[in-house]
Amino acid sequence: MRRWLVITWLIVLLAGAAACQTAPAEPQPLPTLVDLSTLPTADFLTQNAPPAGFDEVSFDPLDRNLAARPGWTYTVVGEFEGTFAGSDEPAEGRFTLQVWANELGESRRVVLEVEGLAVSPQEYVRLEGVRISNDTYVVDTNGQCSPGAAGSGSSIVADLSAGELIGGVARAVPTGHRDTIDDVPVWQYTFAPEALRLAAIKREADSRVSVEADLWVSPGLNAVTRFEASVEVANVRILSAERPVSGTLFLRYDLDLSQIDIQPNISIPHGC
């Protein structure tokens, strides 16, 4: 198997392991995501309540419910800046994931870029994965294509999602704040620390993690439109990095509302 495909397996497997790991025996020092003294009043919440049925939501994985729409696209960005744990050696890393889906056409395209030793064993990896019905393809950093079937390395790349790189929120409630993004009404939600699953982070016994996050939901689409998190970490591994790091990981998820229900034209990658 090609070197880049092996790297991708490591990224996916480690991200999956982080997503599935149970909570450590000792409570993680995650602060509450809202200041109780500034919580909105009952009247404010009533006046700015989301539509019926959205007084409590669950989006784990973060892109939950999108498969019910004809077409969509979103972008995931992760950026880390800090040091390698136990040293003053600077550590940086960035990853981006772009996903296009044509649900009616049973096709999907993914572009993953990972750079920096804080998040990967290699300085730079770029992979493109495409699924058309049951056939999958992956194009590595060198532009070489590997076709495959369900369960193969190309299938894993083609099916990468926000849930595997960011995670999801098990339970969230409205804050009473609403806005409009690209002419789509959205409501802000908050959640308890234990409701947040951070798939990109693999913890050690003495790891420390604290989070400030922002979640916006469109009841009309029944989907997360935007998620942002600033994660302060100490002695954790990010994605498939070989060395633990300490510093700040910024995560962002953006659903492209201009492309909702538009079916992208997805074809077999060049050279496959």
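Modeller: A disulfide is a pair of cysteine sulfur atoms within 2.5 Å. The model is predicted.

Biologist: How many disulfides does the structure hold?
Modeller: The cut-off for a pair of cysteine sulfur atoms is 2.5 Å. The sulfur atoms of Cys145 and Cys272 are 1.8 Å apart and form a disulfide. The count for the structure is 1.

Biologist: Which handedness does the disulfide of Cys145 and Cys272 have?
Modeller: Handedness is read here from the torsion about the S-S bond, which is about 110 degrees for Cys145 and Cys272. The disulfide is therefore right-handed.

Biologist: How many residues apart in sequence are the parts that the pair ties together?
Modeller: Cys145 belongs to strand S7, residues 145–148. Cys272 is in the segment after strand S13, which spans 245–255. The pair therefore ties together parts whose separation in sequence, in residues, is 127.

Biologist: Is Cys145 buried or exposed?
Modeller: Buried means under 20% relative accessible area. Cys145 has a relative accessible area of 16%, so Cys145 is buried.

Biologist: What percentage of the residues of the protein count as buried?
Modeller: The cut-off for buried is under 20% relative accessible area. The protein has 272 residues. The share that counts as buried is 47%.

Terms used: Residues are numbered from 1 along each chain as its sequence is written. This is a predicted model: local features need pLDDT of at least 70, side-chain atom pairs count only at pLDDT 80 or more; totals for chains, interfaces and linings use all residues. Side-chain values use heavy atoms; hydrogens and water are left out. Helices (H or I, at least four residues) and strands (E, at least two) are DSSP runs, numbered from the N terminus. Buried means under 20% relative accessible area, exposed over 50%, partly exposed in between (1.4 Å probe, protein chains only).
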